[in-house]
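Subject: Handover of a structure and findings

Dear colleague,

Please find below the structure that I am handing over to you.

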Amino acid sequence: MTALPTAAAQKAPAKPPHRVAVLVLEGAKPLDVGIPAQVFTTRASMPYEVRVCGPAPGLVTGGDGLSYHVADGLEALAQAETVFIPGYRHPDRDDPPTAVVEALRAAHDRGARLAAISTGAFALAATGLLDGRRATTHWHYTQALAARHPLIRVDENVLFVDEGSVLTSAGAASGIDLCLHLVRRDHGVGVANHAARRLVAAPYRSGGQAQYVPRTLPEDLGHVFAATREWAQRHLGDPLTLADLARNANVSPRTFSRRFVEDTGYTPMQWVLRARVDMARELLERSDLGVEQIADVAGLGTGANLRLHFQRILGTSPSDYRQTFARGE
């Protein structure tokens, strides 16, 4: 009589760990390399296996005074199910080596997902796989990415973008958000929260990267009506109108509006709104004033109005912004 299989024999074999490759390019930024290597570290509590690789085995000169000695070359990408591309220095100057671009395309064609951290988005963009898709990168480089790769829909306000098989994130710390998002996608909230606790990181951060940009208005605005802009900034708490601004500039409202847009890229009232939001940000960081008081001082009217514009422009609330950036001096 044939013996029945034991319970141990009937148990399905353990699923092999998900294979992750971290691709270190010339000038790689230390945090960008370390974050995925740390989040997906090979350990019993994390069903992943990590290999750090480069264009070739051996020494890769990194950024910020560090270099990396990698055991594996691009062959590691042929086995990986997820490939991380950390950010690197001067991404807007040159594309990565042709062999790297081809290896990334081949990995994607084989079914691997590609995830770029910060300026690693430029290397991913060089493959053409981001064309026609949304993507992000560090706020300092969003315009450069859009100019270099005009087919990409660059979103400068988010912490990361998930387009299924290709993902991108903002600055280095946003790599943590992206990595935890992938763990959630793979294994659910419980495993992701466990990883977040191990890293002493927030499992999920509210808002986008717009709140980390120093100003919502760029510094390199044109010089036409610069004196009027300076005057307006001293009167943001007043009920400014287009007529008020044009009167200060000593031109008609129609002429003022047309030339203002040509010079700054904003309509006059769009500029005033963003200047008021910047003023509110500074008050949230440096003062103890309440939201209603700040809204009044900055010319935004009510706290509800301030919250509305913060959410629309910065992707966060005034209270969350203050909690993140208040200096506590």
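The protein has 14 helices and 10 strands; helices (H or I, at least four residues) and strands (E, at least two) are DSSP runs, numbered from the N terminus. The model is a predicted one, in which local features need pLDDT of at least 70 and side-chain atom pairs count only at pLDDT 80 or more, while totals for chains, interfaces and linings use all residues. Residues are numbered from 1 along each chain as its sequence is written, and side-chain values use heavy atoms, with hydrogens and water left out.

Of the 329 residues in the protein, 44% are buried. Here buried means under 20% relative accessible area, exposed means over 50%, and partly exposed lies in between, with a 1.4 Å probe and protein chains only. Contacts, defined as heavy atoms within 4.5 Å, were also sorted by separation in sequence. Among those between residues at least 6 apart in sequence, 65% join residues at least 24 apart.

Helix packing

Two packed helices are described by the angle between their axes and the distance between the axes. Axes are lines fitted to C-alpha atoms, for helices over the stretch in contact, and angles run from 0 to 180 degrees between N-to-C directions.

Helix α2 (residues 30-39) packs with helix α6 (residues 174-187) at an angle of about 25 degrees, and their axes are 9 Å apart. This makes α2 roughly parallel to α6, since angles under 35 degrees count as roughly parallel, over 145 as roughly antiparallel, 65 to 115 as roughly perpendicular and the rest as oblique. The crossing of α2 past α6 is right-handed; a crossing is left-handed if the near helix is turned anticlockwise from the far one by less than a right angle, and right-handed if clockwise. On the α2 side the residues are I35, P36 and V39, which meet G175, I176, C179 and V183 in α6. The residues of this contact of α2 with α6 divide into 6 nonpolar, 1 polar and no charged. In this classification Ala, Val, Leu, Ile, Met, Phe, Trp, Tyr, Cys and Pro count as nonpolar, Asp, Glu, Lys and Arg as charged, and the others, Gly among them, as polar.

L180 also lies in helix α6 and, at 0% relative accessibility, counts as buried. The C-alpha atoms of L180 and V39 are separated by 7.7 Å, although the two residues are 141 residues apart along the chain. Not counting residues up to four places away in sequence, L180 touches A192, A195, A196, A202 and P203.

Helix α11 (residues 268-286) and helix α14 (residues 318-325) have axes that come within 8 Å and cross at roughly 55 degrees. That angle makes α11 oblique to α14, and α11 passes α14 in a right-handed crossing. Here R281, L283, L284 and E285 in α11 meet P318, Y321, R322 and F325 in α14. The residues of the contact of α11 with α14 comprise 5 nonpolar, no polar and 3 charged.

α11 also packs with helix α13 (residues 303-314), at an angle of about 100 degrees and with the axes 11 Å apart. The helices α11 and α13 are therefore roughly perpendicular to each other. L273, R274, V277, A280, R281 and L284 of α11 make the contact with L306, H309, F310, R312, I313 and L314 of α13. The residues of the contact of α11 with α13 divide into 8 nonpolar, 1 polar and 3 charged.

Cysteines

With a disulfide defined as a pair of cysteine sulfur atoms within 2.5 Å, the count comes to 0 disulfides. C53 is buried, with a relative accessible area of 0%, and C179 is likewise buried, with a relative accessible area of 0%.

Loop residues

D64 lies in the loop between β3 (58-61) and β4 (67-70). D64 has a positive phi of about 60 degrees although it is not a glycine, and is partly exposed at a relative accessible area of 47%.

H90 is placed in the loop between β5 (82-85) and α3 (98-109). The phi of H90 is near 55 degrees, a positive value in a residue other than glycine, and H90 counts as partly exposed at 40% relative accessibility.

H140 is found in the loop between β7 (134-135) and α5 (142-148). H140 is exposed, with a relative accessible area of 55%. Its C-alpha atom and that of T119, 21 residues apart along the chain, are separated by 9.5 Å.

Yours sincerely
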